[in-house]
Amino acid sequence: MTLARMHVRAQTVYRGSFAIELFASVGATVSGLCEMYVVFANVPALGGLTFRAALLVFALGHIAMSLADLFFGHLDALPGFLRTGTLDAFLLRPLPVLMQLVTAELSLRRLGRTAAGAVVAALVLARLDIRWTAANVLLVALTVLCGAAVFAALFTAAAAVQFWLVEGSDVTSSFVYGGQYASQFPTTIYPDPVRVLFTFVVPTAFVAYLPALTLLRLPPPPGFPAWVGWCAPVAAAALWGVALLGWRSGLRHYTGAGS
């Protein structure tokens with residue numbers, strides 16, 4: 001926590017510069033919204049979702065990714081640490097290496113994307129026909145938290161692979177950022193192999209799309225139960241189990257303590 005506070009203080013010293021960076025980070029949200037507008041200017045529905053429903057999926061996925069990117073996004077710098085030997089300094093400290101890397105940098109400018117996504121989600125939720133029961137409020141909260149956990153696990157798993165590949169960040173980033181893009185659209189628009197990939201291997205369908213169907217009382221994809229939208233915690237926990245297993249294995253490989 002001390003390291004995190006130091007990074008926060010360092011980034012907010014120059015308030016003008018910080019405000020500009022924060023505003024610039026909103027550009028990712030604006031470009032995504034423009035893309036959605038172009039799509040729905042040509043079709044009345046996408047994957048069975050109206051424009052407002054699709055915006056909800058986009059916003060929830062956007063919030064989840066921005067939160068994960070805030071804390072775990074800089075793990076993609078691990079190949080540089082491996083090449084220069086900088087990671088060895090982390091091994092000497094009496095703290096878990098992953099925790100040190102997570103707190104090594106906090107780019108608060110990414111909060112602009114979180115705020116923009118939250119505004120879009122709030123406006124869309126206010127216009128959709130949703131019965132705000134305690135269960136639905138809980139579902140929205142779980143969706144955001146578990147979606148962020150899914151992307152955080154993807155960042156961790158992608159970093160773990162670098163212990164073997166070192167120069168394979170382009171390959172692993174395709175799954176992380178490809179998963180982000182896939183999470184913002186209905187999975188039913190993809191061909192079967194891609195749908196299986198982003199549901200059961202890289203479970204980004206649980207980030208926003210499946211919970212949104214449950215929230216909006218829409219039928220789930222064929223073969224799924226009606227309560228599948230509540231399975232985001234299971235998907236996040238399973239992916240984190242794989243990610244941590246890969247991380248520990250990779251770290252043992254790096255330190256030469258493999259057997």
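Reader: What makes Asp129 and Arg217 a salt bridge?

Author: Happy to explain, with the reminder that this is a predicted model. The closest N and O atoms of Asp129 and Arg217 are 3.9 Å apart. A salt bridge asks for a side-chain nitrogen of Lys or Arg within 4 Å of a carboxyl oxygen of Asp or Glu, so the pair counts.

Reader: Where in the chain do Asp129 and Arg217 lie?

Author: Asp129 sits in the loop between α8 and α9, and Arg217 in the loop between α12 and α13, 88 residues apart.

Reader: Why is Asp129 called exposed?

Author: Its relative accessible area is 61%. Exposed means over 50%, so Asp129 qualifies.

Reader: And why is Arg217 called partly exposed?

Author: Arg217 has 42% relative accessibility. That value falls between the 20% and 50% limits, so the label is partly exposed.

Reader: What makes Arg195 and Asp192 a salt bridge?

Author: Their side chains meet at 2.1 Å, N to O; the limit is 4 Å, so this pair counts too. Both residues lie in helix α11, three residues apart, about one turn of the helix.

Reader: How do you know that Asp192 is partly exposed?

Author: Its relative accessible area is 49%. Exposed would need over 50%, and buried under 20%, so Asp192 is partly exposed. Arg195, at 25%, is also partly exposed.

How values were computed: Residues are numbered from 1 along each chain as its sequence is written. This is a predicted model: local features need pLDDT of at least 70, side-chain atom pairs count only at pLDDT 80 or more; totals for chains, interfaces and linings use all residues. Side-chain values use heavy atoms; hydrogens and water are left out. Helices (H or I, at least four residues) and strands (E, at least two) are DSSP runs, numbered from the N terminus. Buried means under 20% relative accessible area, exposed over 50%, partly exposed in between (1.4 Å probe, protein chains only).
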